Amino acid sequence: MPTLSDIQDKLRRPLELELAQGCQNRAVSGGMEKLLDHFARPFPKVREALRGYGEMETQARQGAVQAALTLLAPSSRPVPRPPSRVENRPALLPETDTAPLPPETELGKVNLGPGAGKKFTALGLYTLRDLLHNYPRRHEDRRALPSLAEVEDGQKVTVEGVIVSKNRRAPRPGMLILEAVLENPWGEKIKCTWFNQAWVEKGLREGARLIVSGRAKRFGRQVQVAVEHMESVGEGSLSTGRIIGIYDAKEGISQDFVRKATQTALNRSLLGDYLTTRWRAQYGLTDLPDALWGMHFPADEAQLARANHRLRFDEYLFLELRVLLQGEDAVLLGKRFGATDGDMQAFEAELPFSFTGAQRRVLYEIADDMRSERQMARLLQGDVGSGKTAVAACALYMAWRDQYQGALMAPTEILARQHYASLSGYLGSLGVRVGLLIGALAPKQKAEVQRQIAAGELDIVVGTQALIQENVQWHNLGLAVVDEEHRFGVMQRRKLLAGRPDVLVMSATPIPRSLALTSYGDLELSIIDELPPGRTPIQTKLIQDTARRQSYGFVMKQIREGRQAYVVTALIEESETLELLAATQLAEDLKVLLPEARVGLLHGRMSASEKDEIMDHFRRHDFDVLVSTTVIEVGVDVANATVMVIENAERFGLSQLHQLRGRVGRGSAQSYCILVAGEHSQKTRKRLKIIEDSTDGFVIAEADLRLRGHGELRGTRQSGLDELRLGDLANDLEIIEQARALAKHILKHDPLLAHPGLAYLKAELQARSSQVAFREVI
């Protein structure tokens with residue numbers, strides 16, 4: 001049974017904490033009245049002093065708490081004074097004569113405690129800057145830890161207390177259970193358990209103060225916590241009574257050690273700011289010292305929010321600066337074209353259709369770039385069937401009107417042939433000479449095309465990587481269009497762009513704007529977000545694999561009507577052998593299921609020319625069903641194909657599924673996509689329902705980003721997105737656009753960051769880059 005003196009002590013501690021926190025009514029979960037309900041009944045004068053505490057002004061609260069503490073304090077114990085203001089940081093270390101240290105100072109040269117060097121090396125931290133930007137992975141509010149009366153069964157809780165007893169037991173071989181009973185400030189007992197964690201035992205000493213986090217289990221009035229995280233709390237600990245950062249750490253490196261070292265680093269560092277006062281005011285950003293203190297030791301939620309916003313902005317700013325500098329086109333002069341409205345109108349007059357509003361808007365953006373003396377570097381995005389090729393053809397026509405040559409490079413020969421046919425149709429009647437250069441041409445044909453390019457006898461040349469062979473000499477290349485740019489390596493693109501033509505990159509893969517602005521940050525962005533009128537939407541149906549026979553019955557019905565179908569299957573692991581087996585087996589199964597159908601096969605072991613040949617056969621309707629375990633080439637048109645069946649659809653990303661679906665619906669007939677799910681979970685069904693319910697590639701891409709993260713987008717090019725520690729591309733579009741605007745402003749006025757005022761910004765940019773080649777750029 002607790003004595004009156006024990007209850008006094010249990011009342012005094014939260015009151016002292018409340019006073020130290022500036023009387024914000026946060027020291028007790030649920031407010032100070034909760035404290036009165038639990039413990040203050042034997043002290044009516046204390047209850048009276050604190051009555052109505054939640055409605056009081058801060059100054060009145062301070063007086064009330066001091067009065068209560070005076071009533072509770074033994075005569076030998078002084079009553080603490082309230083702070084003059086709520087501090088934004090823990091108390092500074094004792095004053096020293098040591099000058100502040102620059103961020104690049106090695107941690108080994110800073111006194112951070114015994115064994116600190118090895119510990120931080122294990123965490124991959126080597127300089128003060130590394131430590132300052134080693135942000136917590138999450139934050140935990142320990143200003144007001146709950147009493148047991150407030151804990152619900154199954155709730156994730158953090159509790160603090162003193163160990164009053166401990167126990168170890170091994171109920172069976174191979175199982176060790178450690179138990180410790182903590183007494184919290186309310187005098188309540190909590191049993192804590194650790195399963196098979198023998199190393200924990202040495203930290204369980206009776207009388208030691210612990211903070212533990214884990215899932216709570218209620219047994220009547222008793223609470224047991226299965227511990228997931230534990231910290232020892234000593235004198236001067238930074239681990240309690242405030243919002244606490246939880247860091248990535250390793251065994252043998254305590255959270256308290258990281259916090260104390262970080263506090264030392266913040267106190268000892270020369271904390272300036274690489275963003276000017278004007279820039280911070282323009283974008284509503286706090287200063288860097290406030291952000292770093294606020295990230296590691298926030299005084300309240302407001303400071304943590306300020307810190308998070310500023311440091312997220314910085315991540316995107318340095319990412320945009322890096323990408324713009326790496327792009328090499330940030331400071332290059334390009335060609336200068338007339339690109340008049342009359343040119344666009346003359347081209348459109350020859351089309352069998354009119355441009356959509358989106359196509360016309362994008363064309364004006366492209367024409368503005370072409371008229372500028374700076375080299376155009378623009379990404380043209382558009383969903384399947386949105387009319388990107390017609391827009392590119394108009395841009396090539398405007399270049400031709402100024403006596404420049406144009407090039408269109410596609411990743412495969414079949415796509416190159418398809419583009420050649422389209423451009424010939426669009427431009428032939430206007431007197432533009434269009435040529436084709438691909439590897440499949442006979443040597444004599446290839447040599448003749450190369451001669452015509454060098455002599456200026458071809459105006460527009462469509463091709464594959466054959467366009468960037470050493471023996472291709474351009475007469476006067478002014479505009480290069482690159483289709484599905486991410487399929488080419490960096491060096492391949494640079495060969496085509498050596499003469500500094502304007503560059504238009506096309507992509508049929510819808511990319512969320514936030515991802516496009518970061519991963520394709522060196523390119524301006526144009527989006528065709530409108531489909532031509534009269535296109536019949538593809539009907540999509542999600543079925544379980546138990547209904548496969550019915551789906552193939554529908555496929556057979558389409559075949560009997562003279563249509564064709566794709567069937568795509570996914571593999572669990574990458575293996576050409578397994579791919580061949582899976583494709584072959586599926587083709588054999590379909591020959592049984594669809595006895596009247598002619599079944600073709602496309603697999604990963606085929607060469608590029610063999611794949612092209614198979615696709616040509618399919619286009620000529622030499623077979624009715626094409627089975628493939630590889631992704632059918634983006635952009636391939638087979639107008640007669642009206643059905644796409646995707647087996648094990650759950651193994652594909654949403655954007656992949658949308659791309660596959662886009663292989664049908666290329667003609668005027670109604671087309672269908674059947675998603676066959678081999679997994680029947682609610683989560684899988686919810687994800688695939690997004691594809692079933694929407695045909696908007698950008699909506700689907702946004703959903704895919706939220707579900708799967710940004711992943712790897714640009715192949716051989718490092719995007720830098722894996723370095724985002726705070727940024728969330730699914731929700732940060734506004735802050736990305738602001739950071740990009742500032743990055744472009746900075747580089748417009750100082751492309752090499754040579755001004756002395758940008759020295760800190762430049763040093764921070766270099767420190768954030770892991771690429772030697774990039775450091776050489778600046």
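The model is a predicted one, in which local features need pLDDT of at least 70 and side-chain atom pairs count only at pLDDT 80 or more, while totals for chains, interfaces and linings use all residues. Residues are numbered from 1 along each chain as its sequence is written, and side-chain values use heavy atoms, with hydrogens and water left out.

The protein chain holds 26 helices and 20 strands, these elements being DSSP runs (H or I of at least four residues for helices, E of at least two for strands) numbered from the N terminus. Of its 778 residues, 52% count as buried, where buried means under 20% relative accessible area, exposed means over 50%, and partly exposed lies in between (1.4 Å probe, protein chains only). Among contacts (heavy atoms within 4.5 Å) between residues at least 6 apart in sequence, 73% join residues at least 24 apart.

Two helix pairs were examined, with axes taken as lines fitted to C-alpha atoms over the stretch in contact and angles running from 0 to 180 degrees between N-to-C directions. Helix H12 (residues 357-371) packs with helix H13 (residues 388-401) at an angle of about 30°, their axes being 10 Å apart. On the H12 side the contact is made by Gln359, Val362, Leu363, Ile366, Ala367 and Met370, and on the H13 side by Ala390, Val391, Cys394, Ala395, Met398 and Ala399. By class, these comprise 11 nonpolar residues, 1 polar residue and no charged residues; here Ala, Val, Leu, Ile, Met, Phe, Trp, Tyr, Cys and Pro count as nonpolar, Asp, Glu, Lys and Arg as charged, and the others, Gly among them, as polar.

For helix H21 (residues 654-661) and helix H22 (residues 682-693), the packing angle is about 35° and the axes are 10 Å apart, with H21 passing H22 in a right-handed crossing. Leu654, Leu657, His658 and Arg661 of H21 meet Arg687, Leu688, Ile690 and Ile691 of H22, a set that divides into 5 nonpolar, 1 polar and 2 charged residues. Arg661 is also touched by serine 694, which, leaving out residues up to four places away in sequence, is in contact with Val699 and Ile700 as well. Serine 694 is found in the loop between H22 and helix H23 (697-708) and is buried, with a relative accessible area of 15%. A polar atom of the serine 694 side chain lies 3.2 Å from the backbone nitrogen of aspartate 696.

Side chains of opposite charge can pair when their charged atoms come close. A search of the whole structure finds 39 salt bridges, each defined as a side-chain nitrogen of Lys or Arg within 4 Å of a carboxyl oxygen of Asp or Glu. Arginine 310 and aspartate 273 meet in one of them (2.8 Å, N to O); arginine 310 lies in helix H10 (residues 301-326) and aspartate 273 in the loop between helix H7 (255-268) and helix H8 (277-283), so the pair ties together parts that are 37 residues apart in sequence. Arginine 310 is buried, its relative accessible area being 0%. The side chains of aspartate 290 and arginine 306 likewise meet in a salt bridge (3.0 Å, N to O), and because aspartate 290 lies in helix H9 (residues 288-296) and arginine 306 in helix H10, parts 16 residues apart in sequence are tied together. Aspartate 290 counts as buried at 9% relative accessibility, whereas arginine 306, at 33%, counts as partly exposed.

Within helix H15 (residues 443-455), arginine 451 and glutamate 448 are 3 residues apart and so separated by about one helical turn; they form a salt bridge with the closest N and O atoms 2.9 Å apart. Arginine 451 is partly exposed at 39% relative accessibility, as is glutamate 448 at 34%. A network of salt bridges links Arg129, Asp130, Glu764 and Arg768.

Threonine 158, in strand S2 (residues 156-169), is buried, with a relative accessible area of 11%. Its side chain makes polar contacts with the side chains of glutamate 140 at 3.0 Å and serine 213 at 2.8 Å, a polar contact being a pair of N or O atoms within 3.5 Å of which, within protein, one must be able to donate a hydrogen and the other to accept it, with residues adjacent in sequence counting only if both atoms are side-chain atoms.

Methods: Left-handed = near helix turned anticlockwise from the far one by under 90°.
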